[in-house]
Amino acid sequence: MNPVPVAVLFAALVLAGVFAYAGLTVKMYPDVSLPMVSVTVTQNGAAPGEMETQITRPVEDAVASLANVKNVYSTVTQGVSSTNIEFELGEDLQKKTDEVQSRIDQARSVLPREIDEPTVARVEFDNLPIMTYAVAAPAMSDVELSWFVDDTLARALQGEKGVAQVARVGGVTREINVILDPDKMNARGLTASQVNNALRAANLDSPGGRVQVGGREQTLRVLGSVNTLALLREFTVPTGAGGYVKLTDIAEVGDGSSEVRGFARLNGRPVVGVMVMKTKDASDVAVEDKVLAKLKEMETAHKGVSFTKIFSAVDETRASFRATQHVLLEGMFLAALVVLFFLRDWRSTAITAFAMPVSLIPTFFFMQMFGFSLNVVTLLALTLVVGILVDDAIVEIENIEKRVSQGMRPFQAAMEGADAIGLAVVATTAAIIVVFTPVSFMKGMAGQFFREFGITVSVAVLFSLVVARLLTPLMAAYLMKPAANPHPRKPFEGFYRNALEWALDHRIIASIAGGVMFVGSLFLATLLPQGFQPAGDPDYVYVNVQGPPGATAADMEEVAARVNQVFQKRPEVIGVFAQMGSTVASAGPGSMSGGGGDLRSGTITVLLNEKRDISGAELRKEMRAELLAIPDARVSFLDSQGSAGLQKILTSDDPDALLAASTELERQMRTLDVIADPRPATPPVGPEVIIRPRADQAARLGVSVDSIAQAARVATVGDIDANVAKLTDGERRLPIRIRLPAEARADIARIKALRLPTASGGMTTLDAVADVEFQAGPARIERLNRKRQQTVQAELNGVEMGVANKAVDELPIMKDLPKGVTPAETGDLEAMQELFASFGLAVFSGVAMIYGVLVLLFRSFFKPIVILSALPLAVGGAFLGLLVFNLSLSIPSLIGFLMLLGLAAKNSILLVEYAIEREREGMGQRESLIEACRERARPIVMTTMAMAAGMLPTAFALEKGAEFRQPMAVAVIGGLITSTLLSLVLVPVVYEFVDDFESWLKPKLARLVTPRQAPPQVAPEDRF
């Protein structure tokens, strides 16, 4: 045995792992490619119903025929149509983005001319904001503060490495406001459209070609744009027949801001929010550190400007990272204590404990090679393997220590002990690796998350095998001391020996008992709720606010103030951040998804004290009644991901039948106690002002529908950005927005009196060619796969999503939906069903691969069945542990079950491998089993206790950030306990059954097999 190459190998691996660890990025989630492309179309002032017909449906029709489209989601609000096209996983997102852009370009001819150009963009999972801050500056106006955020702050932050984008929440945009006087306009015979067109035609810079002056070529430019407000006020507008009028004679021209379509408030005070998005490859922690340092610089450089943290996803990332570090150290310490308790030798304990970091650290090197990061998935994998890493070393050192205690020299004991246990160690490691390898190839979104998980676990366990086979025997040979008082093995007697022999003598009874336990454990599974992932307890609570139809900015301000007052009374609350005109949807405060810029939708983020006495769930339960009592608004809680706890989606081509079905579903959901506050996701219908042209009068006067729409749009909200004139102010191009004064827009008589040009060059009024009336219309329209969608949302009332969903599915309306109305499952429900299906396939693949590996190692098709018989024994303890801790079947608990497959097989492998070897040496079946249980019981119990001890800190979730991993640890520890206790007795029983069957079957099958060599021929006897 030459120790130098082994020492050099592991020194190099550890050094490589240390350097790689320093270079690994720390993120919340692994790199996930979300195959989704968004198409956004805006048309200033357009009603949702009009946009659905003229824009959304043509866009959906254009993209629906693309290959591998999974779902098409559309949301239509006032002036905004947003369509998201979800593709099957594995598609080239850039290629699909180009295809969508091509289809939209082709469909542009059927879309209205008045829209802004459609925007096609990839939906990047990593483009979600990781931080949101509130910016306050009492000395600045809203316009100045908004420009400070857009220009000064955004430039400073985007200059930092890793910052991809900085976006503003709330605030206003600077515009030049031209407020027309209707009476003066009528006196001059002008319309708002004519003034807007005149400004746009005259106020621009254009190329004029080239000229040759003085023998040299010169560029010719036409500079007609104005760059000061004074020059704009001097602008003259032609009135026809050679007349003109000065702009200030018919309008007030001023430097102002756009209309308020959203705002942000912190504890009731006006602020401007700022969101920070990072690049895909950047570390969350590193980006936050740089942003915080830059914000401190900005506060110092700009007196009077203050920044208040509203939300940071990095807090959870840091907590999870710190919790994992502590769990790894605590787990290693507890596992070492278990070894010391059994072996009672500090040298053996030190050798075993040394194996854990030496197995773990090189894993970081391979994580860096594969492009992985330290995220919630890889940290989960490292937490999971902390107990496994010591298992192989325990088996090796126990086998060596056993020989040393009998008087053998450590060097010889290391050689013989490592050789005797080699096959079992390789088999146990191979079983764990093949269980987790299929996880890396799971389909769906879960597969993208768990690719890094499966590979990380497999690499770490593989390193533990290398350490156990090379380093542990080497250290034992040179560091262990010979036994001072050698002694023979203790006799095998006591309770375990008696229980084992009774079970072997009563095989049928013992097998029935094992079967009853397995059936009972399956019954326990029916008592467990199903969920997608543990909720956790973050230091914030989301509140969704939906205003009534037609609510103004002042109305929403009052609602936000009421919610602020309700929460400010609570001692747990340290801040309330309200954002109206945008909503949170799985991205933290400031996310614009889902809201579509609707003033009547918003989210309030309630910031909680980290050292509070109650959980967020308890706070929601206590405050729900007070929120429901707030008048003129629909106020409800959201979960920690920014969405409703439960969503039931119905779709149909018949809007009336769909609305009736969703209303009845909401009514019946109110009878269930597992959910709270059922409500429709979309706001109720509200009044709209409808202009219906009278075709005969319009045709007689030569007034087109297009001119009516343009006149109404320009007069009320101004033209779209592409059609308005711009004023150049330094680096900025300020829109010159023309519209009527607010009091005129609020008077229906003034709307009817809008002037329209006729074909003869004259003027007429709007009410002369059209009827103006009120009509109810939808405030927001949601569509799924080219059908209308109605969603009923609810909060979970202390249960998991699977329980609530099952209860809703049992309602009469869900069993007898009207014709043409169908349910649809998307989001977390779809992901949960996909997850359970994928894990079922992964479990089947894992068991099949364990069997295949064991057949190759043991050269038998029957003995691996004995090993697999231990797998059902593990599920009972896992289910019981989850019930005791009141946990659900979710992502982490399913991972725990997957781990149990490998760990339960490990115990059986140690027993079966030893029994097979003794039988091959000529020992009888019963004696081989008794001897196997005698020799391998201690290492089995040691590895089980070490594994359980290593995961104990995770099971109790003592630190913040450990909630996600807790169900996994509880399932593993509970399953390990039952699997170990039962397998030590029942696996020998199954072994006898299988071995007897194999002995009976082999001779019968042997007659069907042609021997490799011809049987020897008997020589004839000599006859004399």
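These notebook entries record what I looked up in the structure.

**Basis.** I worked from a predicted model, in which local features need pLDDT of at least 70, side-chain atom pairs count only at pLDDT 80 or more, and totals for chains, interfaces and linings use all residues. Residues are numbered from 1 along each chain as its sequence is written, and side-chain values use heavy atoms, with hydrogens and water left out.

**Entry on strands.** I took helices (H or I, at least four residues) and strands (E, at least two) as DSSP runs, numbered from the N terminus. Two strands count as paired if DSSP finds at least two bridges between them. I looked up strand E2 (residues 69-77) and found that it pairs with strand E3 (residues 80-87) in the antiparallel sense, over eight bridges. Within this pairing, Val72 has Ile85 of E3 as its bridge partner. The two strands form a hairpin with two residues between them. In that turn, Gly79 has a positive phi of about 80°. I then noted that E2 is also joined to strand E28 (residues 781-784) by four bridges, again antiparallel. There, Ser74 stands opposite Arg783 of E28.

**Entry on the cores.** A nonpolar core here is a set of buried Ala, Val, Leu, Ile, Met, Phe, Trp, Tyr and Cys residues joined through side-chain atoms within 4.5 Å. Buried means under 20% relative accessible area, exposed over 50%, and partly exposed in between (1.4 Å probe, protein chains only). The largest core has 173 residues, and those with the most contacts inside it include Leu374, Phe453 and Ile895. Helix H31 (residues 891-920) supplies the largest share of this core, 18 residues. Apart from it I found another core, of 38 residues, among them Met185, Val245, Ala725 and Ala744.

**Entry on Ile895.** I located Ile895 in helix H31. Ile895 counts as buried because its relative accessibility is 1%. Contact means heavy atoms within 4.5 Å. With neighbours within four places in sequence left aside, Ile895 is in contact with Leu380, Leu384, Phe450, Phe453, Phe839 and Met968. I also checked Ile397, 498 residues from Ile895 along the chain; the C-alpha atoms of the two are separated by 29 Å.

**Entry on helix H11.** The expected span of a helix is 1.5 Å times one less than its number of residues. Helix H11 (residues 346-369) has 24 residues and so should span 34 Å; its end C-alpha atoms are 36 Å apart, which agrees. Just after H11, Gly371 takes a positive phi of about 80°.

**Entry on salt bridges.** I counted a salt bridge where a side-chain nitrogen of Lys or Arg lies within 4 Å of a carboxyl oxygen of Asp or Glu. A search of the whole structure finds 49 of them. One of these joins Arg174 and Asp255, at 2.6 Å from N to O. The pair links distant parts of the chain, with Arg174 in strand E7 (residues 174-180) and Asp255 in strand E12 (residues 251-257), 81 residues apart. Arg174 is buried, at 16% relative accessible area, whereas Asp255 is partly exposed, at 43%. I also looked up Glu921 and Arg918, whose side chains meet at 2.6 Å, N to O. Glu921 is exposed, at 57%, while Arg918 is buried, at 14%. Finally, I recorded that Glu52, Arg57, Glu60, Arg783 and Arg788 are linked in a network of salt bridges.
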